[in-house]
Amino acid sequence: MAQGDFTLFEEFALNLGNGDHNMGSDNFSVILITTLPTAADASPDRADYTECSAGGSYSTGGIALTESWTEAAGVGTFDFTNDPEWAAAASSPTDIKAALIVNDTHASTRDAVGFIDMTTDAGTTAISMVDGKVKIVANPSGVFTLTIN
């Protein structure tokens with residue numbers, strides 16, 4: 001895994017099939033966390049991870065995503081059109097290891113969808129928002145796709 005890579009949790013397919021996520025109508029956000037999850041984390045939920053403390057331009061709860069779920073030729077694509085960004089400030093978080101995409105509409109457990117590695121060394125060294133702004137830009141092809149064979 002490299003900085004900027006998005007990883008879906010392995011449990012996501014099961015959770016989607018069980019109706020935990022409605023990709024077309026639920027509300028999603030991105031929060032910054034202090035650990036780097038793994039794809040195999042069982043029943044991933046935002047409560048399983050420690051969110052970075054509020055400070056500078058970062059507020060707990062992260063930033064709401066303006067997401068879309070579309071289909072073309074049998075391929076579903078999840079994307080967001082706003083690029084979450086936090087400005088650098090002296091009081092900003094200094095312990096960012098991942099950005100966690102969570103379903104704000106799903107009020108129970110299993111609300112985490114996937115995560116973005118924010119480190120430059122596969123999770124060892126946290127990045128600091130004090131050193132510069134943090135911006136997440138979605139892949140032009142979408143955050144992830146789902147294909148039915």
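Me: Why is T77 called buried?

Reply: In this predicted model, T77 has a relative accessibility of 17%. Buried means under 20% relative accessible area, exposed means over 50%, and partly exposed is what lies in between (1.4 Å probe, protein chains only), so T77, at 17%, counts as buried. Local features here need pLDDT of at least 70 and side-chain atom pairs count only at 80 or more, while totals for chains, interfaces and linings use all residues. Residues are numbered from 1 along each chain as its sequence is written, and side-chain values use heavy atoms, leaving out hydrogens and water.

Me: Where is T77 placed, and how far in space is T77 from M23?

Reply: T77 sits in strand β5, where a strand is a DSSP run of E with at least two residues, numbered from the N terminus. Between the C-alpha atoms of T77 and M23 there are 9.6 Å, although the two are 54 residues apart in sequence.

Me: What makes A73 exposed, and what is its phi?

Reply: A73 reaches 80% relative accessibility, and because this value is over the cut-off for exposed, A73 is given that name. A73 is in the loop between β4 (67-72) and β5 (75-80), and its phi is near 55 degrees, a positive value in a residue that is not glycine. Most residues other than glycine have a negative phi.

Me: Why is S43 called partly exposed?

Reply: The value for S43 is 34%, which falls between the limits for buried and exposed, so S43 is partly exposed. S43 lies in the loop between β2 (28-33) and β3 (63-64), and S43 also has a positive phi, about 45 degrees, without being a glycine.

Me: How do you know that L146 can belong to a nonpolar surface patch?

Reply: A nonpolar patch joins side chains of Val, Leu, Ile, Met, Phe, Trp or Tyr within 5 Å (like charges are joined within 9 Å), from residues with over 30% relative accessible area and no salt bridge, a salt bridge being a Lys or Arg side-chain nitrogen within 4 Å of an Asp or Glu carboxyl oxygen. Areas come from the Shrake-Rupley method with a 1.4 Å probe, and only the protein chains shown count as cover. Together with W69 and I148, L146 makes a patch of about 290 Å².

Note on methods:
Helix = DSSP H or I, 4+ residues; strand = E, 2+ residues; numbered from the N terminus.
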